[in-house]
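Hi everyone, thanks for making time today. Let me put the sequence and the model up on the screen, and then we can walk through a few spots together.

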Amino acid sequence: MSRSRTAAPPSTPRRSVSRSCSALHLQQRDPPRYGDLREALSGIATNLLAGRLRDLETAGVIERRLSEGGNAITYALTPWGAELREPINGLIRWSTPLMIRGPEDDEFRPEWMSLALQALFTGRVPVGQTAPVNVSVADHFIQLRATPTGIDVGLPDGRDVGAVLSAEAPIVLGLAAGVLTIDAIASAVVMDGDIAALHTIFEAPRATAEL
């Protein structure tokens, strides 16, 4: 028998719920405070955000925690809420053709790139090992690290990198999605360092399931 789960209140707009969950997922390395979420969800009214967070907490999707210093409330996904990560990743992968077209009239923030890259690199394992590479989008840096089991996406941690790619967001998304190649976009971007390291990361094949 499957366990009963509380559904999100019917009055909760689906878009607001998904945006709130996405913001939590975006900052999963460090549980966000209310102010962090308000900044990440540009344009949302404070009373609307507070109401959505209450709805999500009631539904069992998120929980409030004390920060490490004990002086602030942070928000984190519950174990059940964490199961939203793969559906969200799937939605990101599905919407890649729209993202590659560019933001058009939508707002785009470079820090959102990490979430998209995590989704696009899920299940892909580089052939061979290489030094980490940094990707710069509008002066926001993301580090991609090849591991035996996949590609880690995070912030630069001070280690030496094999290469740095500076490009616009749609190009980086196209590379990560496999619809663009390093050779094809060479004239439209700035690449420093070992170009072979960029090939290793962005051309990593999808892992095949063992039978």
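Let me start with a question: which residues form a nonpolar patch on the surface? They are Leu 91, Trp 94 and Leu 98, and together they have about 370 Å² of accessible area. That area comes from the Shrake-Rupley method with a 1.4 Å probe, where for residues only the protein chains shown count as cover. As for what a patch is, its residues have over 30% relative accessible area and no salt bridge, with like charges joined within 9 Å and nonpolar side chains (Val, Leu, Ile, Met, Phe, Trp, Tyr) within 5 Å.

Before I go on, a quick word on what you are looking at. This is a predicted model, in which local features need pLDDT of at least 70, side-chain atom pairs count only at pLDDT 80 or more, and totals for chains, interfaces and linings use all residues. Residues are numbered from 1 along each chain as its sequence is written, and side-chain values use heavy atoms, leaving out hydrogens and water.

Leu 98 sits in helix α6, residues 96–100; helices here are DSSP runs of H or I with at least four residues, strands are runs of E with at least two, and both are numbered from the N terminus. Leu 98 is partly exposed at 44% relative accessible area, on a scale where buried is under 20%, exposed is over 50% and partly exposed lies in between (1.4 Å probe, protein chains only).

Now, the charged side chains. How many salt bridges does a search of the whole structure find? The count is 5, each being a side-chain nitrogen of Lys or Arg within 4 Å of a carboxyl oxygen of Asp or Glu. One of them pairs Glu 86 with Arg 93 at 2.4 Å, N to O. Glu 86 is partly exposed at 42%, and so is Arg 93, at 25%. Another joins Arg 65 to Glu 63, with the closest N and O atoms 2.8 Å apart. Here Arg 65 is partly exposed at 37% and Glu 63 is partly exposed at 29%. Glu 57 and Arg 64 also meet, at 3.3 Å, N to O, with Glu 57 partly exposed at 30%.

Last stop, please: the loop between β3 (133–137) and β4 (140–147), where we find Ala 138. Ala 138 has a positive phi of about 50° without being a glycine, and it is exposed at 61%. Asp 139, in the loop between β3 and β4, has a positive phi of about 65° and is not a glycine either. Asp 139 counts as exposed, at 72%.
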